[in-house]
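Please consult the sequence and the structure shown here while reading.

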Amino acid sequence: MIEQSLRGPFYGKSLTDIRAMVDERSVLAVAVETLDAIERTQPDLNAFVHVDRERVLADAAALDATTGQRGPLHGVPVGIKDLIDVAGWPVTSGSRLLARRIAQTDAEVVTSLRAAGALIVGMTLTHEFAFGGTGDVSKDGAARNPHDLGRMTGGSSAGSGAVSAAGLVPLALGTDTGGSVRIPSAFCGAVGIKTAYGDVPSTGSQDLAPNLDTIGVLAGDADVAWAGWSVLTGKPVPEAVAPTWSWLNIDRVPLIDPAVAALVREVFDAASDDATAEVSLGNWPEMRSVAASVMNREAYDVHAHQLDERRDDYEPSTWARIDAGRRVSDEQYAAARAQQAAWRQSLIDFLEPNQVLVSPTVGVTAPRIGERDMTVGGHNGNSSQIAANLTVRWNLAGFPGASVPAGEIDGLPVGLQIITTPGQEGALRAAIARVRDVVAPRGD
């Protein structure tokens, strides 16, 4: 559980509750309470990197003055990952290289949020250039997990995970290239929805690996997350459709804590009424290798013009990860992209309409900040590798998915990952709702 002192005004609130807060009071009053909560918790969580109180209050007053039909997110405070442009604000990708950068225009997704009536309240901390699953490497330090301030939030949408789970804002944006929406959602206890590749425009967002990157949402409430998903994609919130449940066989996947796997399996069995099949999908280490080839080479291509000249301005671990792409040859990259396309199509052909695949989101609960070398399930690994172990392959496929809370182990959240094929988000929505119904009575 998150201590009362770290909770914001939206902790435990539904979309209906939040809309009532705005209607019964005012956007300005809600904005003041939001900003006060951010200021109060910032020394502990270090989740925001920029908040412009004067501008936020002016924007709130302007929303109160609007007449006519209100947008679906009217007055809803939203945090934006420090990777996505908000005009007039510093947007630095968590790096000293961009420490003085001021965005000139809103990213396309921010324009969509404003058109829907959202109140943009600040920039949330990102792992440097979004290249890490731990959330504790940036020029701004480490974001801290609201369940335990000594623990990682996960990354790279680190601050967005913390602030949505703690209820400081109802909704936050993240990006997901190898799990960066789902990992912090799992570690912090939020709902995170990864959009299908190509469903959300990336204009105005810093690239990591353009053939894997997606923009998604993190929220404390699933209905809030779906409202955000709808605004970003330009599609109606999907009608819930009864899913066909399948458990993703992870018996041969290393670096998974048996206690995490057991808890997620228990929730899955209850949600699916045990009427399920197990699915095994291909060579897991090979898929990870292909994803790494695509991600590393594309990250290197994005940064090649400055990687050597400005080496000292990168955090050392970020520089080393990006530099690894230098060793991926044109032939290796082309082969990896061909394999990516082949796997995507084979999975689309294999899976049935409305079929959902379930696994843990991450095989561990949140490690301690700065922890790197870990032994999990009898295998040795790196915490960043472990964080993306079960998520990155779905970026390779480009499928939509989500992480939803499955309970806690020793006071730390565990995430349950749900994946489906593009266009089957109605099944994803129904599955998320069913898991919430199963988990909520336990009081986790």
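Strand E12 and strand E13 (residues 412-419) run antiparallel and are joined by eight bridges; two strands count as paired if DSSP finds at least two bridges between them. Strands (E, at least two residues) and helices (H or I, at least four) are DSSP runs, numbered from the N terminus. The model is predicted: local features need pLDDT of at least 70, side-chain atom pairs count only at pLDDT 80 or more, and totals for chains, interfaces and linings use all residues. Residues are numbered from 1 along each chain as its sequence is written, and side-chain values use heavy atoms, with hydrogens and water left out.

Two residues lie between E12 and E13, which form a hairpin, and Asp410 in the turn has a positive phi of about 55°. Strand E12 (residues 401-409) is largely enclosed by the rest of the structure, because seven of its nine residues are buried. Buried means under 20% relative accessible area, exposed over 50%, and partly exposed in between (1.4 Å probe, protein chains only).

Strand E3 (residues 119-124) is likewise largely enclosed, since six of its six residues are buried. From E2, the chain crosses through helix H4 (residues 108-115) to E3 in a right-handed β-α-β crossover; right-handed means that, with the strands pointing away from the viewer, the path from the first strand over the helix to the second runs clockwise.

The table lists further pairings.

| Strand | Partner | Sense | Bridges |
|---|---|---|---|
| E5 (residues 191-194) | E12 | antiparallel | three bridges |
| E1 (residues 48-50) | E3 | antiparallel | two bridges |
| E2 (residues 77-81) | E3 | parallel | five bridges |
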